[in-house]
Amino acid sequence: MFGIQMHGKLECLLNTVQACAIDVWPDLNEYFPFIKCMENVVLDSFLYKRKYPPWETCFEKLKLEANSVTDCLKSACGKELEFLYAAETIALQPPHTYVPWVVIDGPTTL
């Protein structure tokens, strides 16, 4: 987005946080506002401040309980979820060629 490329440890961390949020709040109406908030905070940080994005502020902004997500993030469950989503991405047919790559109602084969 806007020429910003974020890969490495921070991207892995944020992917795991988002996977944990989806696991903790499986309803789209529950996890999506949190993920949207995270994306906005990260984008703002990189565009204007160039420092570690304070994604944790989204819990307070949205009046969400943080412990379930942070516990998942610190546990083996968080890593397992991250690897499951990575495997789904790698297995996409047709393979994704850019990001974001939107899949609706699960991956399909052509």
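Biologist: Why are helix 1 and helix 5 called roughly perpendicular to each other?

Modeller: This is a predicted model, so every value here is computed from it. Helix 1 and helix 5, residues 76-90, pack at an angle of about 100°. Angles of 65 to 115 degrees count as roughly perpendicular. The pair is therefore roughly perpendicular. Their axes lie 8 Å apart.

Biologist: Which residues in helix 1 and helix 5 meet?

Modeller: Helix 1 brings Cys-12, Thr-16, Ala-19, Cys-20, Ile-22 and Asp-23. Helix 5 brings Cys-77, Gly-78, Lys-79, Leu-81, Glu-82 and Tyr-85. By class, this contact has seven nonpolar, two polar and three charged residues.

Biologist: What makes Tyr-85 partly exposed?

Modeller: Tyr-85 is found in helix 5. Its relative accessibility is 34%. Buried needs under 20%, and exposed needs over 50%. The value falls in between, so Tyr-85 counts as partly exposed.

Biologist: What is Tyr-85 in contact with, leaving aside its neighbours within four places in sequence?

Modeller: Ala-19 and Ile-22. Tyr-85 and Ala-19 are 66 residues apart along the chain. Their C-alpha atoms are separated by 7.7 Å.

Biologist: And Leu-84: why does it count as exposed?

Modeller: Leu-84 is also in helix 5. Its relative accessibility is 55%. The cut-off for exposed is over 50%, so Leu-84 passes. The C-alpha atoms of Leu-84 and Ala-19 are separated by 9.3 Å. Along the chain, these two are 65 residues apart.

Biologist: Back to helix 1. How do you know that Val-17 is buried?

Modeller: Val-17 lies in helix 1. Its relative accessible area is 0%. Buried means under 20%, so Val-17 qualifies.

Biologist: What does Val-17 touch, not counting residues up to four places away in sequence?

Modeller: Phe-34, Met-38, Trp-55, Val-69 and Leu-73. Take Val-69: it is 52 residues from Val-17 along the chain. The C-alpha atoms of Val-17 and Val-69 are separated by 6.9 Å.

Biologist: Gln-18 follows. Why does Gln-18 count as buried?

Modeller: Gln-18 has 14% relative accessibility. That is under the 20% cut-off, so Gln-18 counts as buried. Gln-18 lies in helix 1, which spans residues 9-24. Beyond four places in sequence, Gln-18 touches Ile-35, Met-38 and Glu-39.

Biologist: What makes a set of residues a nonpolar core?

Modeller: Its members must be buried, of nonpolar types such as Val, Phe or Trp, and joined through side-chain atoms within 4.5 Å. Here the largest nonpolar core has 21 residues. Those with the most contacts inside it are Trp-25, Phe-34, Met-38 and Trp-55. Helix 1, helix 2 (28-49), helix 3 (57-61) and helix 4 (67-74) each supply at least two residues of this core. Helix 2 gives the largest share, eight residues. In soluble globular proteins, nonpolar side chains tend to be buried together.

Biologist: What does Phe-34 touch, beyond four places in sequence?

Modeller: Val-17, Ala-21, Trp-25, Trp-55, Cys-58, Phe-59, Leu-62 and Leu-64.

Biologist: What is the secondary structure of the protein chain?

Modeller: It comes to five helices and zero strands. From the N terminus on, the elements run α-α-α-α-α.

Biologist: How much of the protein chain counts as buried?

Modeller: Of its 110 residues, 27% count as buried. The chain exposes about 7,900 Å². Carbon and sulfur atoms supply 60% of that area. As for contacts with a separation of 6 or more, residues 24 or more positions apart account for 53% of them.

Biologist: Now the backbone. What sets Lys-63 apart?

Modeller: Lys-63 has a positive phi of about 55°, although it is not a glycine. Lys-63 lies in the loop between helix 3 and helix 4.

Biologist: Why is Lys-63 called exposed?

Modeller: Its relative accessible area is 74%. The cut-off is over 50%, so Lys-63 is exposed.

Biologist: How do you know that the peptide bond from Gln-93 to Pro-94 is cis?

Modeller: Its omega is near 0°. Pro-94 has its place in the segment after helix 5. Most residues other than glycine have a negative phi, and most peptide bonds are trans.

Technical notes
Residues numbered from 1 in each chain as written. Predicted model: local features only at pLDDT ≥ 70, side-chain atom pairs only at ≥ 80, totals over all residues. Heavy atoms only, no water. Helix = DSSP H or I, 4+ residues; strand = E, 2+ residues; numbered from the N terminus. Buried < 20%, exposed > 50% of the residue type's maximum accessible area, 1.4 Å probe, protein only. Contact = heavy atoms within 4.5 Å. Areas by Shrake-Rupley, 256 points an atom, 1.4 Å probe, with all protein chains shown as cover. Axes fitted to C-alpha atoms, helices over the stretch in contact; angles between N-to-C directions. Parallel < 35°, antiparallel > 145°, perpendicular 65-115°, else oblique. Nonpolar A, V, L, I, M, F, W, Y, C, P; charged D, E, K, R; others polar.
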